[in-house]
Amino acid sequence: MDSNCKVILFLDDSEIPLAELVAPTHFQLNTNKMVDGEHTLKIVSQDSSGLEGIEIIPFTVANGPSISVEGLQKNATVFGEVPIMINAYVNKGSETFFLQGSETPQSTPTWIWVIIMLVLIFGVFYLLNYFNPVDL
């Protein structure tokens, strides 16, 4: 009796197999020409008697530029004018690193402004007491 199973790979809802292999095997899925977004890899195994097993693996392809949005979140309720900052950059695993565009600039968080204001207020208070000592 043959102990090797045949495996058939299907991509998304295609009825045409991506590959037909004999298990155990190695397969390299090339996503370079696939559209970014949700996909599924369906693996059908068949033994010599015709019994089948199915495994469906959902995955996401993200070959295109990464997109970062600040100012609008998914399913947000907004009104009036909404300032939105959008950045897109590509990371192709090259040997050189390009600093410009690789990080998304973000606005300064409110808590940072609060800390800066507290330090400035304390500094003014300290300087006023240092140059105008009041005997208590």
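Asn 75 sits in the loop between E5 and E6, and Asn 75 has a positive phi of about 60 degrees although it is not a glycine. What you're looking at is a predicted model, where local features need pLDDT of at least 70 and side-chain atom pairs count only at pLDDT 80 or more, while totals for chains, interfaces and linings use all residues. Residues are numbered from 1 along each chain as its sequence is written, and side-chain values use heavy atoms, with hydrogens and water left out.

**The E5–E6 loop**

- Asn 75 counts as exposed because its relative accessible area is 81%; the cut-offs are over 50% for exposed, under 20% for buried and in between for partly exposed, using a 1.4 Å probe and protein chains only.
- Gly 71 belongs to the loop between strand E5 (66-70) and strand E6 (85-89).
- With 47% relative accessibility, Gly 71 gets the label partly exposed.
- If you skip neighbours within four places in sequence, Gly 71 is in contact with Val 82 and Pro 83, where contact means heavy atoms within 4.5 Å.
- Gly 71 and Ser 107 are 36 residues apart along the chain, and their C-alpha atoms are separated by 9.5 Å.

**The whole chain**

- The protein chain has 1 helix and 6 strands, and from the N terminus on they run β-β-β-β-β-β-α.
- Of its 136 residues, 11% count as buried.
- Take the contacts between residues at least 6 apart in sequence: 33% of them join residues at least 24 apart.
- The chain exposes about 12000 Å², and carbon and sulfur atoms supply 60% of that; accessible areas like this come from the Shrake-Rupley method with a 1.4 Å probe, and for residues only the protein chains shown count as cover.

- E3 and E4 pair up in the antiparallel sense over 10 bridges, and Lys 42 has Ile 56 in E4 as its bridge partner.
- E3 and E4 also make a hairpin with 5 residues between them, and Gly 50 in the turn has a positive phi of about 100 degrees.

- His 39 counts as buried because its relative accessibility is 11%.
- Not counting residues up to four places away in sequence, His 39 touches Asp 12, Met 34, Ile 57, Pro 58, Phe 59 and Val 61.
- The side chains of His 39 and Asp 12 make a polar contact at 2.8 Å; that term means a pair of N or O atoms within 3.5 Å, and within protein one must be able to donate a hydrogen and the other to accept it, with residues adjacent in sequence counting only if both atoms are side-chain atoms.
- A polar atom of the His 39 side chain also lies 2.6 Å from the backbone oxygen of Val 35.
- Asp 12 is in the loop between strand E1 (6-11) and E2, and has a positive phi of about 55 degrees although it is not a glycine.
- Asp 12 is partly exposed, with a relative accessible area of 28%.

**A cis bond**

- The peptide bond from Ala 23 to Pro 24 is cis, with omega near -5 degrees, and Pro 24 sits in the loop between E2 and E3.

**The helix**

- Helix H1 (residues 110-131) has 22 residues and reaches 32 Å from its first C-alpha to its last, close to the 32 Å expected at 1.5 Å a residue; the expected span is 1.5 Å times one less than the number of residues.
- How many of the 22 residues of H1 are buried? The count is 0, and H1 is hardly covered.

Definitions and conventions. Helix = DSSP H or I, 4+ residues; strand = E, 2+ residues; numbered from the N terminus. Pairing = 2+ DSSP bridges.
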